[in-house]
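This briefing goes from single residues to the whole chain. Please keep the sequence and the coordinates at hand while reading.

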Amino acid sequence: MKQKTFTITAETGLHARPATNLVNKAGQFSSEITIESKGKSVNLKSIMGVMSLGVGKGGEILVTVDGNDEEEAMEALTKTIQERLGE
């Protein structure tokens, strides 16, 4: 299992377009992938779940990846988050 915390620095937070990109990226892997914010955890492969978190600028998210392709999944998700949402 891999876990990593990110801070959202994008002015608009984790809004629809970057959330969709993140969900699509997560869907490319067979591992179980969750995202947590403010004590609420949802499946990162669910756009409705991700949007329900309401993560704004400055919000922290914890991404957890567990499965046979967890290394590759975490690398790809880290790259997507850093390029589109922050650090």
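Which residues does Gln3 touch, not counting residues up to four places away in sequence? Gln3 touches Leu62, Val63, Thr64 and Met74. The model is a predicted one, and the points below are grouped by topic.

**Overall fold**
- Three helices and four strands make up the secondary structure of the protein.
- Read from the N terminus, the order of the elements is β-α-β-β-α-β-α.
- The protein is as compact as a globular protein of its length, because its radius of gyration of 11 Å is close to the 12 Å that the globule rule gives for 87 residues.
- The C-alpha trace spans about 35 × 20 × 20 Å along the principal axes.
- Among contacts with a separation of 6 or more, 69% join residues 24 or more positions apart.

**Surface and charge**
- Of the 87 residues, 43% are buried.
- The accessible surface comes to about 4800 Å², and carbon and sulfur atoms hold 45% of that surface.

**Strand S1 and Gln3**
- Gln3 sits in strand S1, which covers residues 2-7.
- Gln3 and Leu62 are 59 residues apart along the chain, yet their C-alpha atoms are separated by 6.8 Å.
- Leu62 is also one of the residues that Gln3 touches.

**Helix H1 and Ala19**
- Ala19 belongs to helix H1, which runs over residues 16-26.
- With a relative accessibility of 0%, Ala19 falls under the 20% limit and therefore counts as buried.
- Apart from neighbours within four places in sequence, Ala19 is in contact with Leu14, Ile47, Val50 and Met51.
- Between the C-alpha atoms of Ala19 and Ala76, which are 57 residues apart along the chain, the separation is 14 Å.

- Ser37 is part of strand S2, and its relative accessibility of 4% makes it buried.
- Leaving out residues up to four places away in sequence, Ser37 touches Leu53, Val55, Glu60 and Ile61.
- Lys38 is in the loop between S2 and strand S3, the latter being residues 40-43.
- Is Lys38 buried or exposed? Lys38 has a relative accessible area of 70%, over the 50% limit, so it is exposed.
- The phi of Lys38 is near 55°, a positive value in a residue other than glycine.
- Most residues other than glycine have a negative phi.

**Helix H2 and Gly49**
- Gly49 lies in helix H2, residues 47-52.
- Gly49 has 13% relative accessibility and counts as buried, because the limit is 20%.

**Helix H3**
- Helix H3 takes in residues 70-84; at 1.5 Å a residue its 15 residues should span 21 Å, and the end C-alpha atoms are 21 Å apart, so the two values agree.
- The buried residues in H3 are Glu70, Ala73, Met74, Ala76, Leu77, Thr78, Thr80 and Ile81.
- Cover for the buried residues of H3 includes strand S1, helix H1, strand S2 and strand S4.
- Met74, one of the buried residues in H3, is also touched by Gln3.

Notes:
Residues numbered from 1 in each chain as written. Predicted model: local features only at pLDDT ≥ 70, side-chain atom pairs only at ≥ 80, totals over all residues. Heavy atoms only, no water. Helix = DSSP H or I, 4+ residues; strand = E, 2+ residues; numbered from the N terminus. Buried < 20%, exposed > 50% of the residue type's maximum accessible area, 1.4 Å probe, protein only. Rg over C-alpha atoms; globule rule 2.2 N^0.38 Å. Contact = heavy atoms within 4.5 Å. Areas by Shrake-Rupley, 256 points an atom, 1.4 Å probe, with all protein chains shown as cover. Expected span 1.5 Å × (residues − 1).
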